[in-house]
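Take a look at the model below. We will walk through a few of its parts, one at a time.

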Amino acid sequence: MSELDQMRETALAAIASANNADAVEKLRVEYLGKQGSISALLKTLGKMNPEERQTEGPKIHGLRQAVTDALLARKAELDVAALNAQLAREVVDLSLPASSAPKGSVHPVSQVMDELAEIFADMGFSVATGPEIEDDWHNFTALNMAETHPARAMHDTFYFPESDNNADGNRMLLRTHTSPVQIRSMVEQGAPIRLIAPGRVYRSDSDATHTPMFHQVEGLVIDRDIHLGHLKWTLETFLKAFFEREDIVLRLRPSYFPFTEPSVEVDVGWEEVNGRRVLGGDGDAPGHGWMELLGSGVVNRKVIQFAGLDPDEWQGFAFGVGVDRLAMLKYGMDDLRAFFDGDQRWLDHYGFSHLDQPTLSTGVGAKA
Ligand code: PHE
């Protein structure tokens, strides 16, 4: 066997047994690098006479080509093998349990909304929603607040520019309360109705107990022969279930809302436990007191008319209560602003496990 044939055989064998990219590269340098053995052979061509060069030239170039091809082929083979190995290694088994404790928690506002839905569902209420970007007809006019009505000024409303007026020419705004859902539901569903409508509302107001965005839940019942007694029973039943105390005492005070007539402000009795005011007990007893909790009343005839129903046939009651305030009273936070800071430490402390689904059987306040 010629020297060249031997070189070829040795080189191809070495290349075939190189088992990683580094080994292939080392062989390339060994044969084809500046100081490589095949490169050295190529240099000898210059010193040959023409006849020699004609016979040796093709052999040496052939050797270089064969080794170059073998190196490339081996490299490609190894690349494919490496990729396959990586793919095999990185397989994700989605059926495995999470490797670390679940992070994140349910915000108290979400938790309280779930608790409300659970309690009211048991009384036959469904959950309704409406848009946060509302028009002034649904937010004010249909709730018996004409454009010049002074009650409009009580809500520090965020208005959109007049250029954003809707097709009916109504001014757009961020809803200041959940009461427009009363109108939308009556228009869409007709009567009878039994619903709650939780959601975000907006007013230009900011201090320890007011934030520009906060949460309310609206309640609406429309049926025949509904009166204040139904309202009082419903609120009492709801508050007892929510605060998980049988001794919740309500005090109804006459009030004014344009969309209810009569209107009632509802106070709840509180007592002091470990320096903290908790709801429960007779507010008139020594050391006890009353706390204003929500607004409510019998739906104004005009509102029922605005919503397209006959007020001689249908009556009802409505109420509106701050969800954030309910959460603060039940779970003991004292600054509303922290609700919306997104501070992980606050959420770790006040948040709920996603496993703590409020149910009437296990309790609607897993942490209380
Ligand atoms: N919408 C009123 C508010 O935001 C609350 C309310 C709702 C009062 C329903 C009466 C009936 O203050």
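This is a predicted model: local features need pLDDT of at least 70, side-chain atom pairs count only at pLDDT 80 or more; totals for chains, interfaces and linings use all residues.

Residues are numbered from 1 along each chain as its sequence is written, and side-chain values use heavy atoms, with hydrogens and water left out.

Now turn to α9 itself, residues 228–243. Helices are DSSP runs of H or I with at least four residues, strands are runs of E with at least two, and both are numbered from the N terminus. At 1.5 Å a residue, the 16 residues of α9 should span 22 Å. The end C-alpha atoms are 22 Å apart, which agrees. The buried residues (under 20% relative accessible area, 1.4 Å probe, protein chains only) of α9 are L231, T234, L235, F238, L239, F242 and F243. They cover an arc of only 135 degrees around the axis, which puts them on the same side of α9. An α-helix has 3.6 residues a turn, so residues three or four places apart point the same way.

Next, find helix α5 (residues 108–122) and helix α11 (residues 323–331). Their axes, lines fitted to C-alpha atoms over the stretch in contact, come within 9 Å and cross at roughly 95 degrees. The contact (heavy atoms within 4.5 Å) includes V109 and L116 of α5 and L326 and Y331 of α11.

Last, T157 lies in the loop between α7 (151–154) and β3 (172–174). At 16% relative accessibility, T157 counts as buried.

Key. Axes are lines fitted to C-alpha atoms, for helices over the stretch in contact, and angles run from 0 to 180 degrees between N-to-C directions. The expected span of a helix is 1.5 Å times one less than its number of residues. Buried means under 20% relative accessible area, exposed over 50%, partly exposed in between (1.4 Å probe, protein chains only). The arc is that of the directions from the helix axis to the C-beta atoms.
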